[in-house]
Amino acid sequence: MSVELQELLSFHRTGKNRALKDKKEPALKLRPALFADYSQLSKLRYDYPLVLLDESRNGDHVISLMDLINEVLRLVVPPGTQGTRVRQQVLALELKIRELLRTVPPSKLGELWRRAEKDLLAHQSDEVAQQLQESWDTAWAALRVDGLVVDCDSELPEQFVRHFWRCEEALRTKRGSAKIDRLILKLGDILTVDELKSESSRTPRKLRDSLGSRYQDAFDFDIMAELLNSAAAPVRLPAQRKKRIKAALATLKSQHFFKHSDTDASAGQYGFQYRSVSAAMAAWYERLPDLVALNNAIAVAELEIDNRYCETRHDLYLGRLGAHALSPADLAFFPSYLVSLSERDLDSGEQAILMDALSSDLPLKILLRVNDILGSPSPVDAQLHNGVRGQQFAAMTVGLNDAFVVQGSSSNLYHEQAAVERGINFGGPALFSIYAGSCNMPADLPVYLSTAAAIESRAFPAYSYDPSAAGGLACRYDIEANPQLEAQWVAHEFIYEDEALQRVTETLAFTMLDFATLDVRYADYFADVPKDSWHENMRPAVEYLELAEQERQELVPYVVMIDDKNCLHRLVVDDMLIRVAARCAQNWDTLREFGGINNSYAQAAAERVSQHMAAEKEQALEDLRAQLASRPGVATSGSAPAALAREPEQDVASVAVETIEPELEDADPEGAYIETPRCTTCDECTARNARMFAYDENKQAYIADLTAGTYRDLVEAAENCQVAIIHPGKPLDPKEAGLEDLLARAADFS
Amino acid sequence: MAVRATDLLLSSGDEEHTLEEYEGRMPRWCTGCGDLAILAAVQKLCRDKQLNREKVVFVSGIGCSSRFPHYMGTYGFHGLHGRALPVAEGVKMRRPDLDVFVNTGDGDCCSIGAAHWMHATRYNMNMTVMMHDNNIYGLTKKQASPTSPKGTRSNTTPRGSDLDAFDPLAATLGMSNLSFVAQAVDWIPELLYKIIKQGYEHRGFSFIRILQRCPEFMPNRFEACVQDPDKLLLLTHKNGIELSPGLAKVYKNQKEHDPLDLVGAQEIAGTSERVPVGILYRNDSVPCYEDLRQPTELITPQLIRKGLETELDKFTIWPSD
């Protein structure tokens with residue numbers, strides 16, 4: 001073994017090699033090679049910044065600036081040369097807005113648009129300025145939306161989730177307020193109508209006031225009052241019902257969960273945004289009696305308005321409907337609570353409260369900003385967090401199986417907006433665990449890149465878990481937001497020039513090790529190997545990870561990096577990080593299996609079925625061969641003739657179950673009967689003899705009592721039946737007068 | 001998801017409505033009248049759907065069939081001749097929570113109320129309209145109606161009517177914004193019930209023409225059809241009416257017809273060989289007028305007062321300074 005290889009191996013296996021460390025490039029100046037195309041992010045068009053729309057459009061609460069500009073360009077850009085010019089002018093404005101975002105305080109799109117226009121026009125001639133202004137005015141007129149513009153930074157998770165929560169809560173509150181106002185109005189109407197029936201409403205003065213002034217002289221209101229009061233007293237509301245309606249009305253009017261239409265915005269309303277779970281829980285329990293009272297008042301109001309409140313049945317229930325009886329359907333009507341947390345601020349007590357809250361049925365929407373995925377390297381060797389620290393809350397919450405979970409990063413929130421919306425609208429608790437970038441990353445590394453790296457490297461895979469989704473585990477997990485789902489690691493094409501200035505194309509995987517190179521705390525776990533020391537036993541880490549332990553002997557894993565001059569470097573990786581990366585890959589496999597990809601149980605079952613079918617098929621072929629062989633004159637061969645080898649087709653006709661409706665039981669030809677289902681309720685027979693003929697529960701005729709009339713009644717009913725469905729049968733009394741004639745007439749209906 | 005408190009209370013032993021609860025006054029139609037079969041089918045529907053009686057309104061115009069609301073144990077409005085539909089539209093517009101049924105006759109609907117019928121079809125408000133078509137004015141003792149066959153002798157046409165009968169099915173199938181058209185006959189109760197039920201379940205303007213026997217003034221009008229099943233053509237489809245085995249055995253003339261096929265429906269309505277029975281057309285995607293015109297805010301007395309004052313202020317003459 002060469003000295004160079006020994007040096008590399010010693011670092012890889014022990015993490016210690018002074019000679020190698022001294023030769024290395026300062027780690028922080030290096031970036032994963034796949035970052036090469038993203039050195040000037042602000043010059044690129046990509047899905048950030050986002051516009052948090054003031055007013056939702058087609059159900060969307062947010063749109064990316066790029067999508068918005070593309071949409072506008074499709075609408076307003078004319079074809080031809082003129083179109084190219086306008087397109088370039090609008091895109092220049094978009095670029096300026098991206099630049100401004102880094103220097104101006106958070107602003108709305110309209111403000112940024114005007115500011116960008118002003119900056120770009122500052123040094124233009126009048127003629128050019130006029131052209132530019134015309135293009136931008138046309139584009140702005142087509143925009144028709146406005147809203148806060150936010151970039152992908154550490155504040156984005158909170159801004160994004162809060163915006164969705166506000167939009168959805170605004171809809172919920174609007175529906176709730178409208179419902180409560182309607183109930184108040186309807187209950188008020190019931191009381192008003194009852195009041196109008198009172199004697200006090202029939203006094204001469206009340207009657208005069210109700211008429212208006214113009215014709216007052218034409219009436220004698222004293223006599224009118226006397227006349228009205230002398231009439232029978234109108235039916236009034238029972239006292240108990242009136243009391244119940246008034247109580248419900250008072251509760252509806254004094255509630256603080258929703259805005260009343262006749263009050264100022266938010267006056268006296270409860271707030272629902274918190275910075276700690278314990279504060280949110282405290283508020284929840286403090287308001288619980290009010291919530292129960294309002295919920296019961298709504299139930300009473302709805303029943304009273306529909307006139308379906310039954311004291312004998314409902315009083316008993318209503319008196320017992322407490323907090324324990326609140327169902328998710330009840331709670332879905334009320335506003336949810338938004339709690340914004342930062343993972344680093346959670347002490348053990350708050351963590352316990354958080355898990356307690358997530359295991360409840362309460363409508364808590366918890367945003368957890370994750371700032372540290374890998375965790376600090378432990379002071380004790382070989383005791384790393386193994387790259388799962390940041391995922392622990394989401395994983396634990398999934399284990400509760402009652403809460404909606406969204407895990408993602410700032411960079412992919414735009415693509416996970418549907419999951420965020422479903423989580424906000426979920427009936428129970430929801431956790432949004434969002435990686436927002438870390439202070440352990442280089443300061444000049446854009447948050448978009450570091451958070452996208454977390455997803456791409458599988459260090460923090462994106463997924464949502466919806467416990468209410470029907471159809472098994474794979475339906476509850478949604479992992480579609482991850483790139484290259486089928487692959488263990490995400491791989492991209494990487495093009496560079498070699499020393500001979502020739503174009504070289506390679507496929508580079510982006511692993512959890514690449515992500516770890518960005519974390520300053522892990523700088524000592526990598527060693528930069530000068531190019532003159534590169535050895536043939538060095539292997540890309542992604543290849544090394546796939547090797548068995550015995551195949552790894554005398555091999556050294558490395559990751560490819562670039563420096564600020566875009567020169568390639570190789571970093572040898574400490575074996576401890578290789579173990580962390582292997583665990584990261586296992587976690588990704590588990591998640592994929594949950595999401596329905598490479599499900600081990602399904603694969604094993606499919607394999608068993610496949611083997612069983614193959615065995616059966618082989619057996620069938622063997623039987624056929626044996627049959628053929630037993631026939632005289634047929635030569636046996638190794639394989640069956642093609643016609644016989646084909647799977648026997650099932651004769652559908654022979655196996656189809658013939659469904660024959662059971663025949664109706666034949667009526668007794670001797671006895672009288674009616675084909676009741678054909679009766680048209682024409683009253684002919686019942687009008688003739690209402691005791692002999694009657695209607696059933698469907699109001700169709702049957703013979704109720706054959707002895708309640710004569711055979712003549714039967715025959716005449718049969719003759720008059722519009723649809724001839726009465727069959728008189730044989731007479732009960734053989735001595736009835738005129739029987740011979742009647743039997744002859746009845747023969748037509750036998 | 002568990003139920004809301006209101007539903008929990010309602011489920012605590014809610015009483016089941018019987019058919020008798022939907023009965024109103026004793027019907028005063030002639031014995032043997034087809035209206036009785038329609039009444040029985042509708043009462044059965046109300047019972048099967050367990051409709052709350054105070055949430056159901058039957059609206060009618062004038063004629064034999066228009067006595068229908070009196071015989072239902074629900075709310076009702078016995079209106080003016082030809083005006084059942086505008087009244088029903090008003091009810092539905094103001095109280096969309098109510099189940100609205102309309103009973104009208106061939107004279108009421110196709111003559112004096114024809115314009116209302118055309119526009120009600122176009123408005124597509126969610127209601128079930130039953131046109132009892134006995135081909136004659138019965139209440140006023142036999143005058144020819146628009147649907148009377150050519151040659152009908154009546155008090156107004158003693159030498160026989162001169163014109164071919166008006167075809168309500170073909171007319172409806174040519175109207176705008178159509179959403180549900182069916183034809184039933186009063187003498188096949190199972191089919192009558194199924195068609196009215198589908199009309200009720202359809203969200204929109206369900207127009208059901210029901211051929212109805214009048215034993216007093218048109219005693220033989222439908223006799224041939226009653227006695228001979230071959231005179232009928234039953235329309236079947238998995239999205240329309242599916243026949244029971246017993247009915248399928250008796251009525252051999254069947255045609256599979258997709259209710260979404262408007263051209264096919266017009267073709268069926270245009271043929272006079274056999275009387276089609278079943279769902280001719282149904283389109284669930286046509287919007288209802290009451291939904292399009294739903295108020296965006298709660299109509300409170302204060303809002304009405306404010307609106308009125310705004311309007312009246314336009315005519316106020318303010319004193320000059």
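This is a predicted model: local features need pLDDT of at least 70, side-chain atom pairs count only at pLDDT 80 or more; totals for chains, interfaces and linings use all residues.
**Entry 1: chain A as a whole**

I began by counting elements, and chain A has 27 helices and 21 strands. I then looked up how far the chain extends, and its C-alpha trace spans about 130 × 115 × 65 Å along the principal axes. The radius of gyration of chain A is 41 Å, whereas the globule rule gives 27 Å for 750 residues, so chain A is more spread out than a compact globule. I also looked up burial, and 32% of the 750 residues of chain A count as buried. For contacts between residues at least 6 apart in sequence, I noted that 69% join residues at least 24 apart.

**Entry 2: domains**

The domain assignment divides chain A into six entries, among them domain 1, which is made of 3-39 and 487-598, and domain 4, which is made of 336-413 and 421-478. I looked up one separation, and the centres of domain 4 and domain 6 of chain A, taken over C-alpha atoms, are 78 Å apart.

**Entry 3: the sheet of 3 strands**

Next I turned to an open sheet in chain A with the strand order 3-2-4 and antiparallel pairing. Strand 3 (60-64) and strand 4 (147-150) of chain A each have a single partner strand, so one side of each is left without a neighbour in the sheet. Ignoring direction, neighbouring strands here are turned by 25° against each other on average. I followed one pairing in detail: strand 2 (residues 50-57) of chain A is joined to strand 4 of chain A by 4 bridges, and Leu52(A) has Leu148(A) as its bridge partner in strand 4. Helix 7 of chain A lies across strands 2, 3 and 4 of chain A, and it runs at about 145° to strand 3.

**Entry 4: the sheet of 7 strands**

Another open sheet of chain A has 7 strands in the order 5-6-7-9-8-10-11, and its pairing is mixed. Its edge strands are strand 5 (273-274) and strand 11 (477-478) of chain A, each of which pairs on one side only. Within this sheet I looked up strand 8 (residues 404-409) and strand 10 (residues 463-465) of chain A, which run antiparallel and are joined by 3 bridges; Gln407(A) has Tyr463(A) as its bridge partner in strand 10. Helix 11 of chain A lies across strand 5, strand 6 (337-342) and strand 7 (364-370) of chain A, at about 160° to strand 6. Helix 16 (residues 417-425) of chain A also packs on the sheet, where it touches several strands, including strand 9 (430-435), and its direction makes about 150° with that of strand 8 of chain A.

**Entry 5: a hairpin**

I then found strand 12 (residues 490-497) and strand 13 (residues 503-510) of chain A, which pair in the antiparallel sense over 8 bridges. Ala491(A) has Ala509(A) as its bridge partner in strand 13 of chain A. There are 5 residues between the strands of this hairpin, and Leu501(A) takes a positive phi near 60°.

**Entry 6: where chain A meets chain B**

Last, I looked up the contacts between the chains, and 40 residues of chain A are in contact with 32 residues of chain B. The elements of chain A that give two or more residues to this side include helix 7 (156-196) and helix 25 (684-688). Which element gives the most to it? Helix 11 of chain A does, with 5 residues. By class, the side of chain A that touches chain B has 15 nonpolar, 12 polar and 13 charged residues.

Methods. Residues are numbered from 1 along each chain as its sequence is written. Chains are lettered from A and ligands numbered from 1 in the order in which they are written. Two residues are in contact if their C-beta atoms, placed from the backbone, lie within 7 Å. Ala, Val, Leu, Ile, Met, Phe, Trp, Tyr, Cys and Pro count as nonpolar, Asp, Glu, Lys and Arg as charged, and the others, Gly among them, as polar. Two strands pair if DSSP finds at least two bridges between them. Axes are lines fitted to C-alpha atoms, for helices over the stretch in contact, and angles run from 0 to 180 degrees between N-to-C directions. The radius of gyration is taken over C-alpha atoms; the globule rule is 2.2 Å times the number of residues to the power 0.38. A residue is buried if 20 or more other C-beta atoms lie within 10 Å of its own, exposed if 12 or fewer, and partly exposed in between; C-beta atoms are placed from the backbone. Domain bounds come from an automatic or database domain assignment.
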